[in-house]
Amino acid sequence: MPLLTIRLPQHATLDAALQVLGLSVSDVDTAFGLVALDPAQHLYALRVTDAAAARLTVADDAGVGLFADPRIETSENPNGPA
C-alpha cells in the first residue's frame, strides 16, 4: 500500500483525513491509522490502497504526497553472518 502524507489541522483524526481526501474507510489501512509525522508542521501520514492512490494522483492535489511503502523483511543467510 502506498504511503500518503498530508497537511491537516493539529490533532486531526483519521475521519477528518478521509473527509478532506474524499476517501472511505475501505480506501485506507485502518490498522496503520493516521500518524503524526511532524505535529509542528501539521504533517500526517496514512496508508492507502493502490486504487485510492491512483485517484489522488489524478486529482493532483498539491497538499498530498504519495510514496512507495515497500515491505521490509529480514533475509536469511544460509552461511551465517557475513
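Reader: Which residues of the largest nonpolar core touch the most other members?

Author: Leu4, Ile6, Leu21, Leu23, Leu46 and Val48 do, out of 16 residues in that core. Keep in mind that this is a predicted model. The core draws on several elements: strand E1 (3-7), helix H1 (14-21), strand E3 (43-47) and helix H2 (50-59) each supply at least two of its residues. As a rule, nonpolar side chains in soluble globular proteins tend to be buried together.

Reader: What makes E1 largely enclosed by the rest of the structure?

Author: The cut-off for buried is under 20% relative accessible area. Four of the five residues of E1 are buried, so the strand is largely enclosed by the rest of the structure.

Reader: Why are E1 and E3 called paired strands?

Author: Pairing takes at least two bridges, and E1 and E3 are joined by five. They therefore count as a pair. The two strands run antiparallel, and leucine 3 stands opposite arginine 47 in E3.

Reader: Arginine 47 again, then. What makes its contact with aspartate 29 a salt bridge?

Author: The test is a side-chain nitrogen of Lys or Arg within 4 Å of a carboxyl oxygen of Asp or Glu. Here the closest N and O atoms are 2.9 Å apart, and the pair is listed as a salt bridge. Aspartate 29 sits in the loop between H1 and E2, while arginine 47 belongs to strand E3, so the pair ties together parts that are 18 residues apart in sequence. Both residues are buried, too.

Reader: Are arginine 55 and aspartate 27 buried or partly exposed?

Author: One of each. Aspartate 27 has 11% relative accessibility, so it falls under the 20% limit and counts as buried. Arginine 55 is at 41%, between the 20% and 50% limits, so it counts as partly exposed.

Reader: How do you know that the buried residues of H1 line one face of the helix?

Author: The buried residues are Ala17, Leu18 and Leu21. Looking down the axis of H1, they fall within an arc of 100°, so they line one face. The face turned away from them carries the exposed residues Asp15, Gln19 and Val20. Just after H1 comes glycine 22, with a positive phi of about 70°.

Reader: What share of the contacts with a separation of 6 or more comes from residues 24 or more positions apart?

Author: That share is 61% in the protein chain.

Note on methods:
Residues numbered from 1 in each chain as written. Predicted model: local features only at pLDDT ≥ 70, side-chain atom pairs only at ≥ 80, totals over all residues. Heavy atoms only, no water. Core = buried A, V, L, I, M, F, W, Y, C linked by side-chain atoms within 4.5 Å. Buried < 20%, exposed > 50% of the residue type's maximum accessible area, 1.4 Å probe, protein only. Contact = heavy atoms within 4.5 Å. Arc of directions from axis to C-beta.
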